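Here is a short briefing to read alongside the model.

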Amino acid sequence: MRRVAVTGLGAVSSVGIGVKAFTEAIREGRSGVSPIASFDSTGFRHTQAGEVHDFRPQDHLERLPAEKWGRSAQFAASAARLAVRDADWDPEALSSARAGSAMGTTNGEAVAFQELTEQWLAQGIGEIDGALAARASADRIAAAVNTELRLHGEAQTFGTACSASNYAIGYGFDLIRSGAADVMIAGGADAVNRATHAGFHRLGAIAPDLCRPFDEDRGGIMTAEGGAALVLESWDSALSRGARIYAEVLGYGITCDAKHPTQPDRDGIAECIRLAHQDAGVKPEEVDYVCAHGTGTAANDSTEIAAVRAVFGDRIPPVSSIKSMLGHTMGAASGFGALACCMALWEGFLPPTATVRSVDPALGPDLDCVPGRARPAHPRIVENHGFAFGGNNAIVMLGRPE
């Protein structure tokens, strides 16, 4: 079984585009939340989201005709291009390598579906825009990455909602360590849209101001968008290229609670953590940091921390949530978590829960959620959580390159 290195990182996020801008914002605890501009939010009580306002796909893409692809695909392809540049891969060499992509999403091209629905209601089904319909398929998110980079391996899109990026990373990891591929671009993408915002709004799950994971006065999630991509390649490939290695993918775990459509389950999550540790060959006491799913809802925060305590016992590592800055980027969420984990290993810090003011005492004693800004540290092994409706749990373990 081959070792797997992370050699490139790409981010298109509300706090910055490119891994440098993204990391600076995370370290500073900067918020990407702003008034919604991508659709008419009239009638909603809560009208803020983590939108990427300064995104111009033509500034990043080299081959993909952006106008023929949906916004989620544009995010995915742009993040992938940024990651490949960051990894310093020669485009021709990458195109001829055994390389593919695995991308996660929650809503696919929901923006396109929203527009199609509005056309249907206003004009009838016979008048909908065929070109717009062609952009709507969710499988085009990974296809956009392969098209942009001229990759000829697999182009897998995972639809396992808010844990989908971790599914994609685990899948890419398996292909490389088994020898079925040499390079995989893995991550996820989703775009803010009216339907998703309305759904969470109707559930009463959207925060009135900011997402405040682990805070005793937390009010829910903040819908958000973006694209995250990691270049995974075999350790030998990275060494032969003289590549910078941000982190090593050590293993992952996947479970399904199979109990409730929206409520997370402590035992299912705890089992997922144990499986991830087993696959990575690590013990709980060796984990230095947990990048939490951390949505800022009472159900998620209490269940996630209870699951962590069930595995780690009295000694739990620092646990923080970058959703406090980005909002909930849906299928890209655990992809952004993986980016933050890689940079934490590479630069030596713990990402913060930027918006927490008073940690909820109901979560138990001695919960270190790294409030405010990043903290200098030297983590060796980190754990990245991704949980989703339907009970889909996926956890990726990353280690400092040695």
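Buried residues make up 61% of the 402 residues in the chain, where buried means under 20% relative accessible area, exposed means over 50% and partly exposed lies in between (1.4 Å probe, protein chains only). This is a predicted model, so local features need pLDDT of at least 70 and side-chain atom pairs count only at pLDDT 80 or more, while totals for chains, interfaces and linings use all residues. Residues are numbered from 1 along each chain as its sequence is written, and side-chain values use heavy atoms, with hydrogens and water left out.

**Overall shape**

- The chain has 13 helices and 15 strands; these are DSSP runs numbered from the N terminus, with helices being H or I of at least four residues and strands E of at least two.
- Along its principal axes, the C-alpha trace spans about 60 × 55 × 40 Å.
- A388 belongs to strand 14 (residues 381-388), and with 12% relative accessibility A388 is buried.
- Between A388 and R2, which are 386 residues apart along the chain, the C-alpha separation is 29 Å.

**Aromatic rings**

- There are eight aromatic pairs in the structure; rings of Phe, Tyr and Trp (its six-membered ring) pair if their centres lie within 6.5 Å, and planes under 30 degrees apart count as stacked, over 60 as edge-to-face and the rest as tilted.
- F39 and F44 make an edge-to-face pair, because their ring centres are 6.1 Å apart and their planes meet at 75°.
- F39 is buried at 14% relative accessibility, and F44 is buried as well, with a relative accessible area of 15%.
- F55 and F75 form a tilted pair, with 4.9 Å from centre to centre and 50° between the planes.
- F55 sits in the loop between strand 4 (48-49) and helix 2 (71-87) and F75 in helix 2, so this pair ties together parts that are 20 residues apart in sequence.
- Both F55 and F75 are buried.
- One aromatic cluster is formed by F158, Y167 and Y171.

**Charges over rings**

- The charged end of R3 is placed over the ring of W235, 3.9 Å from its centre; a charge sits over a ring if NZ of Lys or CZ of Arg is within 6 Å of the ring centre and within 35 degrees of the ring normal.
- R140 lies over the face of W69, and here the distance to the ring centre is 3.9 Å.

**Salt bridges**

- The count comes to 24 salt bridges, each being a side-chain nitrogen of Lys or Arg within 4 Å of a carboxyl oxygen of Asp or Glu.
- R30 and E28 are bridged, their closest N and O atoms being 2.4 Å apart; R30 is partly exposed at 35% relative accessible area, and E28 is partly exposed at 37%.
- R71 and E225 meet in a salt bridge at 2.9 Å, N to O.
- That pair links distant parts of the chain, with R71 in helix 2 and E225 in the loop between helix 8 (194-202) and strand 8 (226-234), 154 residues apart.
- R71 is partly exposed, at 26% relative accessible area, whereas E225 is buried, at 1%.
- D215 and R357 form a salt bridge at 3.9 Å, N to O.
- This pair also links distant parts of the chain: D215 is in the loop between helix 8 and strand 8, and R357 is in the loop between strand 12 (349-350) and strand 13 (375-376), 142 residues apart.
- D215 is buried, at 1% relative accessibility, while R357 is exposed, with a relative accessible area of 55%.

**A nonpolar surface patch**

- W120, I125 and I128 form a nonpolar patch on the surface, with about 300 Å² of accessible area together.
- Patches are made of residues with over 30% relative accessible area and no salt bridge, joining like charges within 9 Å and nonpolar side chains (Val, Leu, Ile, Met, Phe, Trp, Tyr) within 5 Å; the areas come from the Shrake-Rupley method with a 1.4 Å probe, and for residues only the protein chains shown count as cover.
- I125 lies in the loop between helix 4 (110-123) and helix 5 (130-134), and I125 counts as exposed at 51% relative accessibility.
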